[in-house]
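Hi,

Here is the structure I promised to pass on to you. My notes on what turned up in it follow below.

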Amino acid sequence: MALDIKQYFTETEFYPGHVKDVQLDEANQSVCINADNDVTLIVYVITDHIFRFRYSPDGYFDNDFSYGIDPDFERTDTNFEMHDAGDYYSIKTSALECRISKQNMSVSVLDTKGNVLNEDEKGFHWERNQKYGGYIVQMTKKIQEKEAFYGLGDKPTDLNLKGRRFMNWGTDHYGYSKNSDPLYKNIPIYYGLHKGLAYGIFFDNSFKSYFDFGSERNGATSFWAQGGEMNYYFIAGPALIDASTRYTKLTGTPEMPPMWSLGFQQCKWSYYPEENVMDVAQTMRKWGIPCDAIYLDIDYMDGFRCFTWDKEKFPNPKKMVDNLRNMGFRTMVIIDPGIKVDKNYPVFNEGLEKGYYCKRPDGHFVIGKVWPGDCYFPDFTNPEVREWWAGLYKELIEDIGVDGVWNDMNEPALFEVESKTFPDDVMHDYDGNLCSHRKGHNVYGMQMARATAEGVKRFAGGKRPLIITRSGYSGLQRYSSVWTGDNIASWEHLWLADVQAQRLSISGISFCGSDIGGFIQQPSGELFVRWIQLGIFHPFCRVHSSGDHGDQEPWSFGEKYTLLFKKFVELRYQLLPYIYTNFYNYHKHGVPMLRPIVFYDQEDSNNFNRDHEFLCGPELLVVPVVNDRAQSRPMYLPKGSWYNYWNNDKIEGKRELNVNVKLDTFPFFIKAGTILPLYPVQQYTDQLEFETMDLNVYYYRGRHTSEWYEDAHDDYAYEQGVYRLAKFAQEGKLDKLVINQTVEGSFTPKIKEYKLNIIGLPFVCKKVIADGIEKEMIGSSCYIDLNFKEIIFS
């Protein structure tokens, strides 16, 4: 009987046919499903909680290659079952069931209780790409009742994505605003939440892609790409934070950063000449404002030629970098991808001779205007080019002593062309998988950051560097931190900085921050202070501005604002051991450092659309003030017991509050049960050697566990177990408080004792016993040996 192909397509869209056969590949933990119109679906069991779905309209697959998946990610040896259930085939793990319809290959994913987590509506369908060949691949799924959506990296919009449509195509969007799209980054992960159940979908396709969350049809959500495969990962929760953590482990986590990179940093376009740089450094120290890094923007270069110095502005760069280091400042420099076309420029000539620049199909190099004028651009998707690029950092890092590199303009961005980027036909190596810019565009910035990270690390003498990138794709966090791009000094952008950092963090990229105060225009003193109140909780904490809009150093707005700014930067330095511990859990386990409150409590519907309140780590709740002249602000305190950081008042959650927010304060709460490590204030990280560290103990009637992670702050010995992870278990009763400490790792810190500050104790403490020895209580504090095992307050 002849196949009636008309039943499998509309006028422009094509769909899978009836399933004709299934093959189980136990060795590869996969199931291959073939339809009677040649459509093939391969379902991979990645772990108990992750399925991968890979479709081909014609039964042929490209080489299985991805920049997004961490090469070190280990698939687990997962026990799963497949059986014929009549109308569908079932694939089961200990956590999930996948059902594939025999009629049309539609997919449903359920938990072990039979709850539908996600299901196809139209399911997989495709169109022929008449212009370029290949297919436009599409997936449409049902929106479940009251479902909310989160994720997608740096999108500058409300946290809940429902009702919106987005594009992923890295774009230099100077002075973007709320709802601008697309922006710099291309992070195709989103999360769904309904009926208390959460999941993630990672659409691993680097072509220009789109996501629609009920914008076109309110009952359907879709994602599609202008080429490549329909290739996505379904990642189960059931908690949102678990889905985020699993996604981050799948795409990779960063190494531990140097402690100094978590300190405050000062930047401007541009600090030059050398006298100006040193004046900024000296003024920072004069005011006593803690700061760890100063940046050099493009004007340090000779005519904007990468890897050069303007010797009139900076006659002795090494001496300047050494002088800054002696003052406690690290030096960061910018490097863009555009290499100036100049036959007297050795870097240009070497890249030209070796054929390392991107080309058009006819063999001509792509040429574009950026800061130096006409430029060629390295193909960072070629491993040989990445190796060359890495080697170019020797002088900057090893010889001169620069500590880290900031990659900008790497969407890639071009001036004077409508598309703002390369033509679509530019060719890329794509690590041996030759492709056009249609596929290579969204990964270009990530691969530049990768090459930079490899080079800086190679020449850093065994020390951890800091890399920053403006653009990238899923997995960029393995190589680099990020900032949110060319923002504006406005109250709206302060709100956007809050939401974008939360969104980036749950999208695998926790090492993020904004240009504090805004890059474009000049903030008022009030806005500048409000912004640093938020910025001290972002892992990347940097002021940056365009100098032609006015000064934006901490002392630029008058003494009142300078002292307030200093107060909050000092708080950042006190919180560094907590932030560093938070980073360890991101590095080790993939846990997001910043969390919307819906990621803290997804059962409470009050949290679904809230985007002001967020948690820094598991225990600090922060609400930025995003309106001018505010004296109070409403907020929602989520479930649990919380302490107001400023006055130690204890408040029960799951309710609305109206909080005093005069300019010297903002809503900041500590979860009851927390044991919070605090450093003394320093002018820069590791300035002081101190033997006593504060632990603020926030009493909780019940049990709670906190952690403190410590290592050498700048080397890689932690990878061999030379670190110290202390876990504090607090158990509070009406008449007793017990704290137990367990420690792992072989690192011996210089700190010898803790100063425990007990907050909220409901009884008068008459006796403190530490490991069987009575200790003296001085007010509400006592001093305890670093390696104690048990303390009893009664």
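Strand 12 (165-168) and strand 16 (residues 209-213) run antiparallel and are joined by four bridges. Strands here are DSSP runs of E with at least two residues, helices are runs of H or I with at least four, and both are numbered from the N terminus; two strands pair if DSSP finds at least two bridges between them.

Before you read on: this is a predicted model, where local features need pLDDT of at least 70, side-chain atom pairs count only at pLDDT 80 or more, and totals for chains, interfaces and linings use all residues. Residues are numbered from 1 along each chain as its sequence is written, and side-chain values use heavy atoms, with hydrogens and water left out.

Both strands belong to an open, antiparallel sheet of nine strands, in the order 5-6-7-8-9-10-17-16-12. Strand 5 (81-84) and strand 12 are the edges; each has a single partner strand, so one side of each has no neighbour in the sheet.

Of its 32 lining residues, Thr-253, Pro-254, Glu-255, Arg-478 and His-587 are closest to the centre.

The second largest pocket has about 470 Å³ and 25 lining residues.

Best wishes

Conventions. On a 1 Å grid over the protein atoms alone, a cavity is a set of points where a 1.4 Å probe fits but cannot get out, and a pocket is an open set with protein on both sides within 12 Å along at least five of seven lines; lining residues have an atom within 4 Å of a point. Grid points are joined across faces, edges and corners, and a volume is the space filled by probe spheres set on the points.
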